[in-house]
Amino acid sequence: MEADPIPLLTPYKMGNFSLSHRVVLAPLTRIRSYGNVPQPHAVLYYSQRASKGGLLIAEATGVSDTAQGYPDTPGIWTKEHVEAWKPIVDAVHAKGATFFCQIWHVGRVSNSSFQPNGQEPISSTDKSLTSNDFEKFSPPRRLRTDEIPNIVNDFRLAARNAIEAGFDGVELHGAHGYLLEQFMKDKVNDRTDEYGGSLENRCRFALEVVDAVVNEIGAERVGIRLSPFAEHSESRDSNPTELGLYMVNALNKYNILYCHMVEPRIKSNDETIESPYSLVPMRKAFNGTFMVAGGYDRQDGINAIADNRADLVVYGRLFLANPDLPKRFALNAPLNKYNRETFYTSDPVVGYTDYPFLE
């Protein structure tokens, strides 16, 4: 007799997608897309982590030439980008996995050297980020009210391009201090137009993006990532629970496929802390598939599914270091340790496709 599968490895129906297990690859920036063009080495990286009935979320992918804030992150706004993604998507599908593209705009988490014609990064605000030792941020330019529809349209076109590249759907990056969150959170958004002030106004831009993308590619292909409790890039809110609940209730009106939320225990530099907050109220309020991320190990993930706190569990660093993570979880096999030093090197192999599989 085989032992019963652990809850993490039971099948799950996510809309039109039949998943054979609940271990999801997190969207992980790897800065190996030279000149914003996805590279052939990504074919191996993603296909290594693909399994039959698995779900992978591609690294954050820029929606336009103003969306960049880091070197060599992939884009999906040109024909060249779309063509470069195709073999990567095909390789993941050949393994029987489902593949979503996370589309993003960094907003003020950028500097002029990443921007077209060296212009200022755009944001909800003209408040600067404090520069740290690693990154120098340029003062952002506050988007005018009449410019916002153009940015919404950039997301719509990026979603269309992702489907053209063969992706099964898109995840809107509404987390971690990037542009959508710069509008949502009251410690960043200091606008006085209809995109600032009240919770409804602050969430308006993100929901206009959801609406545009749903109308372009269908709600059954759309997810969103949110981190109301995190404080990445000085992006804080005075009432994160209220923000999270407002968003999931608003998202229900669009019938999107999934909501992917970051646990309150993860702070701005990815350290894990004790937190009095919980995602359970959002889990209960959201009608679609609910996935959770942030500091999960095997047992933690098993518990989250067993306790019905999530439908799917998203793994980043562990999946990076263990391309066969679902198999290792099934066998309760030992895990490779990740090497933080090589997360963001531009080498096409080292720290990328050289983590060993189980024998």
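Some ground rules to begin. Residues are numbered from 1 along each chain as its sequence is written, and side-chain values use heavy atoms, with hydrogens and water left out. The model is predicted, so local features need pLDDT of at least 70 and side-chain atom pairs count only at pLDDT 80 or more, while totals for chains, interfaces and linings use all residues.

Let's start with the barrel. Eight strands close into it, in the order β3-β4-β5-β8-β9-β10-β11-β12. The pairing is parallel. Neighbouring strands of this sheet are turned by 25° against each other on average, direction ignored. Now the terms. Helices (H or I, at least four residues) and strands (E, at least two) are DSSP runs, numbered from the N terminus. Two strands pair if DSSP finds at least two bridges between them. Axes are lines fitted to C-alpha atoms, for helices over the stretch in contact, and angles run from 0 to 180 degrees between N-to-C directions.

Next, look at β8. How many residues of β8 are buried? Six of the six, so β8 is largely enclosed by the rest of the structure. Buried means under 20% relative accessible area, exposed means over 50%, and partly exposed is in between (1.4 Å probe, protein chains only). In a regular strand the side chains alternate between the two faces of the sheet. Here, G169, E171 and H173 point one way from β8. V170, L172 and G174 point the other way.

What sits beside β8? Strand β5, residues 98-104, runs parallel to β8 and is joined to it by four bridges. Within that pair, Q102 has E171 as its bridge partner. Five bridges join β8 to β9, again running parallel. There, E171 stands opposite G223.

Stay with β5 for a moment. T98 lies in this strand. T98 counts as buried, at 9% relative accessibility. Leaving out residues up to four places away in sequence, T98 touches F17, L19, G54, L55, L56 and D168. Contact means heavy atoms within 4.5 Å.

Helix α6, residues 240-252, lies across β9 and β10. Its angle to β9 is about 175°.

How do α5 and α6 meet? Their axes come within 11 Å and cross at roughly 40°. The two helices are therefore oblique to each other. Here are the cut-offs: under 35 degrees is roughly parallel, over 145 is roughly antiparallel, 65 to 115 is roughly perpendicular, and the rest is oblique. From α5, the residues in contact are L199, E200, C203, A206, L207 and V210. From α6, they are E242, L243, Y246, M247, A250 and L251.

Now the loop between β9 and α6. S233 is found there. Phi of S233 is near 50°, a positive value in a residue other than glycine. For E234, also not a glycine, phi is near 55°, again positive.

Next, β10 and β11. Strand β10 is residues 258-262, and strand β11 is residues 289-293. They pair in the parallel sense over five bridges.

A disulfide is a covalent bond between the sulfur atoms of two cysteines. The rule here asks for a pair of cysteine sulfur atoms within 2.5 Å. How many disulfides does that give? The count comes to zero. C259 is buried, with a relative accessible area of 0%. C101 is buried too, at 0%.

Last stop: helix α8, residues 298-306, where A304 lies. A304 counts as buried, at 0% relative accessibility. A304 and V292 are twelve residues apart in sequence, and their C-alpha atoms are 8.7 Å apart in space. Beyond four places in sequence, A304 touches Y296, R309, A310 and V313.
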